[in-house]
Amino acid sequence: MTRKHERTAARRAAVQALYSAAIRETSAQALLSQGLIDCLDEPLTDYALKIISGVEDNAERLDDLISCAARNWTLERMPLMDLAIMRIALFEILYVDDVPVSVSINEAVELAKRFGAEDESPKFVNGMLGAITRQMDQPAVEALDQEVSA
């Protein structure tokens, strides 16, 4: 399996684990350590575990970015699967240097097509991630980064 396909599979496993944790209102890392997630289509590779821990460790920053870009939406109103998918893409965009932004967004859209709760999930995920990445060079995001790191 090529590295590209390995990472695609890792993203699928990570999104399933993060979604399972979200519907149980707990941490995916905790569920995994207790052996309580057994519904994965793919094995949990090192990259999948990196995504899961990265998303959970940086949840506040990721959610702040999503909230800033959302118009007429709160995080509570967003489908949990779409939210998990966007968090994974944003984690990669911000913290994984060898994954291009376009790849992270494309992979997120593909995850939304496969797992999204609604027909509109791919469009929603693409639109949100596009808006966030366009805003990343703006002063508001820089100020948010300073707030989160303070």
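## Chain overview

Helices (H or I, at least four residues) and strands (E, at least two) are DSSP runs, numbered from the N terminus. The chain has 8 helices and 0 strands, in the order α-α-α-α-α-α-α-α from the N terminus. This is a predicted model, in which local features need pLDDT of at least 70 and side-chain atom pairs count only at pLDDT 80 or more, while totals for chains, interfaces and linings use all residues. Residues are numbered from 1 along each chain as its sequence is written, and side-chain values use heavy atoms, with hydrogens and water left out.

Of the 150 residues, 47% count as buried (under 20% relative accessible area, 1.4 Å probe, protein chains only). Among contacts (heavy atoms within 4.5 Å) between residues at least 6 apart in sequence, 72% join residues at least 24 apart.

## Helix α5

Helix α5 covers residues 80–95, and its end C-alpha atoms are 22 Å apart; this agrees with the 22 Å that its 16 residues should span at 1.5 Å a residue (1.5 Å times one less than the number of residues). Within α5, 13 of 16 residues are buried, so that the helix is mostly covered.

## Packing of α5 on α6

Helix α6 (residues 101–115) packs with α5 at an angle of about 165°, the axes being 9 Å apart. Axes are lines fitted to C-alpha atoms over the stretch in contact, with angles from 0 to 180 degrees between N-to-C directions. The angle makes the pair roughly antiparallel (over 145 degrees).

From α5, M81, I85, A89, E92 and I93 meet V101, S104, I105, A108, L111, A112 and F115 of α6. By class, this contact has 10 nonpolar, 1 polar and 1 charged residues; Ala, Val, Leu, Ile, Met, Phe, Trp, Tyr, Cys and Pro count as nonpolar, Asp, Glu, Lys and Arg as charged, and the others, Gly among them, as polar.

Conventions
Buried means under 20% relative accessible area, exposed over 50%, partly exposed in between (1.4 Å probe, protein chains only). Angles under 35 degrees count as roughly parallel, over 145 as roughly antiparallel, 65 to 115 as roughly perpendicular and the rest as oblique.
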